[in-house]
Amino acid sequence: MQLYLWRPEKGAIIEMAGDPRTAKSALFVVPGTNASISEFTSDNPTTGFANWQVERSVPPGSVLAFTVLTGPMPYLTPDPVDFWSNGPQNNAFATARAPEYAAFQKGLTASLPDLPTVSYEHSYASAVGSTAESLGAAPTVRVLAAGVGARSEDHLTDSVTRYFIQAPNDINRYYAGERAWEVGFDVAPEKIPGIRVLDSGMSGLPISPTAAKLEGAVFWPMVVAQVPASVISHTNLMSDDVATNGAALYSVQQILQGVAH
């Protein structure tokens, strides 16, 4: 592991794993809601997903990986006022983080122009990735993991291949495709043009946005009871535990092999 960027005063850190001299593809893992520098040094570091891909790259040494946090991300809070201003449905964070993420991608491409890239964007980071595309970022492949979606004003390019992976009971399914000004994202992940859906391999009671609205209006206790499992499914898509998140880990492994060839 090496520090690629360290700016704690900005809440920014990028860690690199792997060897650029032998790499055949590069992976960018972007954590979303609640991401912070402290997670990089915790007992269960957010760098686990990227490190797994490097350690199990086929052939060995063929993957260069970055875990990317360029600044403050939204966070969950019990305060209803703060929730709307700093929570995971405030799309202004995408506007703030996208130029930084786009600059990182452009910088790496300038340094290693022949290296295909895969962007794995978890939760809120999928919105950052979509807005970064509008600013000229063009990874070979984007994988939107439990994503919040995109804004209709984001201009996505035809040159980027996109995948979407999400547990059937993911917490984001409750408000997919809903937006009011700076709150929410009006393009649900599965409605993004050209998106290809991957199987998460996770179980759970499927949620559709329409059914969620009905449940919320009529069966609120049922919704509340499902939330803990929905949050766990959402968080697990950043796990490096094969028993928990094997489908996503192996799917990204195969995608990295594919772009390298």
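**Ground rules**

I number residues from 1 along each chain as its sequence is written. As this is a predicted model, local features need pLDDT of at least 70, side-chain atom pairs count only at pLDDT 80 or more, totals for chains, interfaces and linings use all residues, and side-chain values use heavy atoms, with hydrogens and water left out.

**Entry 1: the sheet**

I started with the strands (DSSP runs of E, at least two residues, numbered from the N terminus; helices are runs of H or I, at least four residues). For pairing, I ask that DSSP finds at least two bridges between two strands.

I find an open sheet of 8 strands with mixed pairing, in the order E1-E2-E4-E3-E5-E6-E7-E10. Its edge strands are E1 and E10 (196-198), each pairing on one side only. From one strand to the next, the twist averages 20°. That angle is taken between N-to-C directions, on a scale from 0 to 180 degrees, with axes as lines fitted to C-alpha atoms (for helices, over the stretch in contact).

Next I looked at E1 (residues 2-7) and E2 (residues 12-17), which run antiparallel and are joined by 5 bridges. Leu5 has Ile14 of E2 as its bridge partner. The hairpin of E1 and E2 has 4 residues between the strands, and Gly11 there takes a positive phi near 70°.

Then I checked E3 (residues 25-30) against E5 (residues 117-122): they pair in the parallel sense, over 5 bridges. Val30 has Glu121 of E5 as its bridge partner. I meet both residues again below.

**Entry 2: the cavity**

Rolling a probe the size of a water molecule over the atoms shows where empty space is left. My search used a 1 Å grid over the protein atoms alone; a cavity is a set of points where a 1.4 Å probe fits but cannot get out, and lining residues have an atom within 4 Å of a point. Grid points are joined across faces, edges and corners, and the volume is the space filled by probe spheres set on the points.

Over the whole structure I get 1 cavity of 30 Å³ or more. The volume of the largest cavity is about 50 Å³. Its lining includes Val30, along with Pro31, Met73, Arg97 and Tyr101. E4 (63-69) and helix H3 (92-111) each supply at least two of the lining residues.

By class I count 7 nonpolar, 1 polar and 1 charged residues in that lining. Here Ala, Val, Leu, Ile, Met, Phe, Trp, Tyr, Cys and Pro are nonpolar, Asp, Glu, Lys and Arg are charged, and the others, Gly among them, are polar.

**Entry 3: salt bridges**

I list 9 salt bridges, each a side-chain nitrogen of Lys or Arg within 4 Å of a carboxyl oxygen of Asp or Glu. For accessibility I call a residue buried under 20% relative accessible area, exposed over 50% and partly exposed in between (1.4 Å probe, protein chains only).

Arg7 meets Glu9 at 3.4 Å, N to O. Arg7 is partly exposed at 38%, while Glu9 is exposed at 58%.

Asp19 and Arg21 meet at 2.9 Å, N to O. Asp19 is partly exposed at 23%, and Arg21 is exposed at 75%.

Glu55 and Arg56 have their closest N and O atoms 3.4 Å apart. Glu55 is exposed at 60%, and Arg56 is partly exposed at 39%. I also noted one network, in which salt bridges with shared partners join Glu121, Glu133, Arg142 and Arg162.

Notes
1 Å grid on protein atoms, 1.4 Å probe; cavity = no way out; pocket = protein on both sides within 12 Å on 5 of 7 lines; lining within 4 Å.
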